[in-house]
Amino acid sequence: MRGGLATYNERLARAFHEAGDEVRIVTFSLQYPDFLFPGQTQFSTEPGPTDLAIEVSLNSVNPVSWVRVGRKLRRERPDLVVFRFWLPVMGPALGTVARLVRGNGHTRVVAITDNVIPHEKRPGDGPLTRYFLSACDGFVTMSRSVLSDLQRLGFGQKPALYRPHPLYDNFGPIKAKSAALAALGLPATLGYLLFFGFIRAYKGLDILLEAFADTRVAALPIKLIIAGEFYEDAAPYEELIKHHQLENKIIRATDFIPNNAVVNYFCAADLIMQPYKNATQSGVSQIAYHFERPMLVTDVGGLAELIPNGVVGYVVPPTPAAIADAVVDFYAGKREEMFEAGVRVQKKQFSWPIMVAALKEVAG
């Protein structure tokens with residue numbers, strides 16, 4: 001599989017290995033039916049990791065596969081099964097596997113709950129989510145807002161811990177900005193802001209484009225790099241670009257960005273932009289921390305929990321004016337080096353061993 005979830009899971013498996021545990025990843029043969037998947041493909045074109053045991057066996061829409069995987073794990077009696085839960089539609093498959101596994105009376109089941117209330121709500125979300133959550137022994141959340149959501153849904157009696165998203169340190173070492181710019185074929189005479197990741201409505205790219213239309217931002221010698229695949233219709237964004245005459249301010253890299261290219265986009269950027277309209281946590285922040293890049297996030301969900309305002313970047317309201325104010329301040333105040341120094345201090349707290357320890361703790 002490709003994307004942030006797969007990248008995270010592989011890195012977590014290595015962290016368990018480093019702690020002396022035997023680990024196997026059980027992944028999807030089909031994660032989403034094609035009609036539910038908004039991108040081009042669910043599968044990576046890069047070679048799979050050779051240092052991890054990965055079993056491809058779970059079909060999210062085939063109950064026969066749920067029962068087969070659950071029964072197999074029940075027989076194998078692992079000490080711990082860790083689930084990732086990010087969408088209600090995954091509740092039936094993951095909840096069924098979890099129930100079957102726990103039937104052996106030995107295995108503990110815990111979940112890393114990226115979200116329990118989804119960004120984009122659909123009918124049936126509540127029952128599907130509760131079906132999964134009720135099958136778990138404990139939870140680890142990566143934002144305090146999700147921890148609160150668990151309590152509001154009635155699962156506050158189960159063990160649950162908040163631990164921040166660890167660093168995405170598996171995209172290679174930091175590269176000099178000049179080398180990253182050269183790799184992307186970009187001139188070093190301009191500054192660059194980066195919007196990175198799958199493009200969905202809740203991530204606020206439209207707000208960022210409106211901020212770029214601010215006359216003060218338009219006057220700066222900077223461009224916006226949009227790096228990531230559209231997971232919805234691109235037409236409204238293109239219309240904004242056309243309406244505000246931003247074509248010469250935009251660099252499009254709107255295909256899926258392979259892991260080996262991530263370093264270039266982050267290390268080429270002056271400031272990483274996350275203008276989200278709602279959010280829980282974001283792996284983009286943890287990539288930025290790894291590459292020691294300043295950040296701008298909006299004050300929604302759990303985003304601000306990990307971004308000390310004025311230390312590693314900006315926390316602003318999700319409005320074009322507030323984002324434009326911060327961008328102008330960043331360049332006028334020449335704040336890049338100061339924020340980089342703050343990032344280097346703050347990044348020390350985001351540890352994979354801490355996440356492994358939390359998962360074991362809630363398992364009991």
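This is a predicted model: local features need pLDDT of at least 70, side-chain atom pairs count only at pLDDT 80 or more; totals for chains, interfaces and linings use all residues.
Helix α1 (residues 4-18) packs against helix α14 (residues 352-363) at an angle of about 80°, and their axes lie 9 Å apart. Residues are numbered from 1 along each chain as its sequence is written, and side-chain values use heavy atoms, with hydrogens and water left out.

**The helix pair**
- Axes are lines fitted to C-alpha atoms, for helices over the stretch in contact, and angles run from 0 to 180 degrees between N-to-C directions.
- α1 and α14 are therefore roughly perpendicular to each other (65 to 115 degrees).
- Y8, R11, L12, A15 and F16 in α1 meet W352, M355, V356, L359 and K360 in α14, where contact means heavy atoms within 4.5 Å.
- This contact divides into 8 nonpolar, no polar and 2 charged residues; Ala, Val, Leu, Ile, Met, Phe, Trp, Tyr, Cys and Pro count as nonpolar, Asp, Glu, Lys and Arg as charged, and the others, Gly among them, as polar.

**The sheet**
- Four strands form an open sheet in the order β3-β4-β5-β6, with parallel pairing (two strands pair if DSSP finds at least two bridges between them).
- Helices (H or I, at least four residues) and strands (E, at least two) are DSSP runs, numbered from the N terminus.
- At the edges, β3 (80-85) and β6 (160-162) each pair on one side only.
- From one strand to the next, the twist averages 20°.

**Helices on the sheet**
- Helix α3 (residues 91-102) touches β3 and β4, its direction making about 170° with that of β3.
- α14 lies across β3, β4, β5 (138-141) and β6, at about 155° to β5.

Notes
Angles under 35 degrees count as roughly parallel, over 145 as roughly antiparallel, 65 to 115 as roughly perpendicular and the rest as oblique.
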